[in-house]
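Please examine the sequence and structure shown below before reading on.

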Amino acid sequence: MKNYKRLLNYMRPYLRRLALAIVCIILAAGANLYVPWIIKDMIDKVLAEKDVLMLNFISVGIVVVFFFRGIFYYGQSYLVSFIGQRVIIDVREVLFRKFQRMPLSYFDRHQTGETMSYMTNDVAAMQAALVDNLIEMVTEGSVLIGSIVLMFYLDWKLSLLTLIVIPMVGQAMKIFGRKIKITGRIIQERAAEITSLLQESISSVRVVKSFVREDYEIQRFCRQNELNFQAAMKNVQLTSLLTPTVEFLAAIAVTLIVWFGGYEVVNGEITAGSLVAFLTYAVNLANPVKRLSRVYGALQKAMAAVDRVFGVLDLAETITDKPDAKPLPKITGHVTVDDITFAYKEGQPALTHVSLEAKPGQMIAFVGPSGAGKSTIANLIPRFYDVTEGAIYIDGHDIRDVTVDSLREQIGIVPQETMLFSATVMENIRYGRLDATDDEVIAAAKAANADVFIRELPEGYATQIGERGLNLSGGQRQRMAIARAILKNPRILILDEATSALDTESEKIVQAALDKLMVGRTSFVIAHRLSTIFEADQIYVIDAGHVAEHGTHEELLAQGGLYSNLYHIQFNKVE
C-alpha cells in the first residue's frame, strides 16, 4: 500500500471535492440499505397487520429516497471523475518533467517506446485505480458496513455466524491479490514492449520497405502481441478464480443463515419479516464482498502500473546542479579539457587521460576512426555526461560548479542528424531563442543560406514541415538547424559531423553557412571529410579514447602518423 498512499497524496489539492464525493457515495449506497427494511415492514406490518398508513409511508419513502439517490449518484460520478482526471494530469506532468531532467544516459539504455508507455499505458491504468476502483471501493464498503450494522441490530447471533466466513474471504483475496499484481506487472511490461516495437517499426518504415521486411515486422508484432495475450489471460484466469471462490464462501454463510434463521422463526425468536430482511442484508453482504474482491484484483493490476511509474520518479538524476552552483557568467569561450577519463559503463573507459585547450575564437577539430571517442568529448563539454576523472573548464570555471542551464545556454550544437519539430519553419528556427522576433528569425535564416528555399515553400515561414522535417531535404534541414544555432548566438559551437550525410552540392551550401556561424566563436568540429578542417587552429586525432597526435593540418601531415594516413586514404580515393 506504500505506493497507493503515495498516489493518494496527489489528491491533497482536491480534498474538499474528495470529501464531498465520499459523502455522495455513502448516501447513494445508503439507499440500497433501505430496500431490505421496506421488505421487513411490508411483511410484518402491511401484510400481517393490514397497516395502510405504513403502506403509504413506504410508497412515498421509495420515491423520495431514490430521487435523492439519483442526485447523489451524479455527484459521486462527476466529482470522483474530476479528481481522478486532475490527479492523472498532475502525475503525467510530474512524469514528463522527470523525463526532461533525466540525463542522456537514461535514454541510451531505454527505448523510446518504453518511455512513451509510461506516459500512456501505465498512466491510463493508474486512472482506473483512482476513478472506477475508488467509487466501487467506497460504495461497496459502505454497503458492507451498513449491512453488518443492521444485521447485528436484527439478530446478533445470526450476525456472528455470518462473520465467521469473512476471515476466510480475506485470506483468499490476499493469496489471489499477490498473484494478480505479479501478472499485472507483466501485462504492463508486455504493453511497453508492444509500444516500443510499434514506435520502432513505424519510425523505420523506409528501412522496412527498402528491405521488403513487412512480413518480418508483422511476425515480430504478432509474436509480441501473443505474449501480451498470454499474460492477460493469466491475469483473467486468476481474477476469474477469485470471484467464484469468494461466492462459494458467501454461499456457505447464506446456507448457515437460512438454516439457523429458519430455526429461530419456528421457535418465535424473530419474525419472518426480520429473517427475510436479514437474508437480504446477508446477500447485500455477499455482493459487496464479491465486488470488492473483483475491485481488489483490478486494483492489484493497476498497482503494477503505479509501481512502474513511481519506480521512474525515484530514479536518480545524475546531471544536476550542486547546492552552491552559480550561473556561468558571459564567457569568451576559453575551454580547457584537463586530463579527463570517462566511461559509459564501469570498467570500459571510452576516453582515457585526454587533455586539450581551445582559446577564444579558435576552431578545434576532432578526427579519427569511428568509435574512437570524438563525439564523447563533444558530449562532455555541455555536460550531457559527467567526466569520471579530471575536469573541464570554461573561462576557468569547472563546468560542474555552474548551473547546467547557464552552461548550455552559451553552447550551440549542430548535430549530424537534425531534429526538427512538427511545427512551422518559423517556430522551428525560433526554438534557438524563444523571445526572438520574426525579423531576427529571418535574419538568422539568411545567414544560414536558408531564406531562399524557405520562401519557395508553399506558405514560406508559416509552412508546417511535418514530423521530423521529412518534407525537407537533408541539406535544407541542416541549414534550418544552423539558423537555429545562429539565432541562439552561442559563444561555443559544437559541430558533430554536420555535413557528412549530405551530397557535394548541399555540403558546399551548408559549409558556407557553417563558416559564417563559426566566425568569432570557439568551435569544436567533429570531421568526417578532412577537407572541411584544413583551416582548423588545432586538429586532435583521437584513437581508442586517447589523443594520438595533434597540431595544424600541415604539422600533422609532416609527422606522417595516423592523420597523414587518413588523409592519404581519403584523397587517394578522390583522385
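Lys174, Arg178, Lys179 and Lys234 together form a positive surface patch. The model is predicted, so local features need pLDDT of at least 70 and side-chain atom pairs count only at pLDDT 80 or more, while totals for chains, interfaces and linings use all residues. Residues are numbered from 1 along each chain as its sequence is written, and side-chain values use heavy atoms, with hydrogens and water left out.

**The positive patch**
- A patch is made of residues with over 30% relative accessible area and no salt bridge, and like charges are joined within 9 Å, nonpolar side chains (Val, Leu, Ile, Met, Phe, Trp, Tyr) within 5 Å.
- A salt bridge is a side-chain nitrogen of Lys or Arg within 4 Å of a carboxyl oxygen of Asp or Glu.
- Helix α8 (residues 166–203) contributes most to the positive patch, giving three residues; helices (H or I, at least four residues) and strands (E, at least two) are DSSP runs, numbered from the N terminus.
- Lys234 belongs to helix α10 (residues 214–266).
- Lys234 counts as partly exposed because its relative accessibility is 43%; buried means under 20% relative accessible area, exposed over 50%, and partly exposed in between (1.4 Å probe, protein chains only).

**Cysteines**
- Zero disulfides are found in a search of the whole structure, a disulfide being a pair of cysteine sulfur atoms within 2.5 Å.
- Cys24 is buried, at 9% relative accessibility, whereas Cys222 is partly exposed, at 44%.

**Thr341**
- Thr341 lies in strand β1 (residues 335–345) and counts as buried, at 11% relative accessibility.
- Between Thr341 and Phe57 there are 284 residues of sequence separation and 87 Å in space, C-alpha to C-alpha.

How values were computed: Accessible areas come from the Shrake-Rupley method with a 1.4 Å probe; for residues, only the protein chains shown count as cover. Lys and Arg count as positive and Asp and Glu as negative; His and the chain ends are not counted. The place of a charge is taken as NZ of Lys, CZ of Arg, CG of Asp or CD of Glu.
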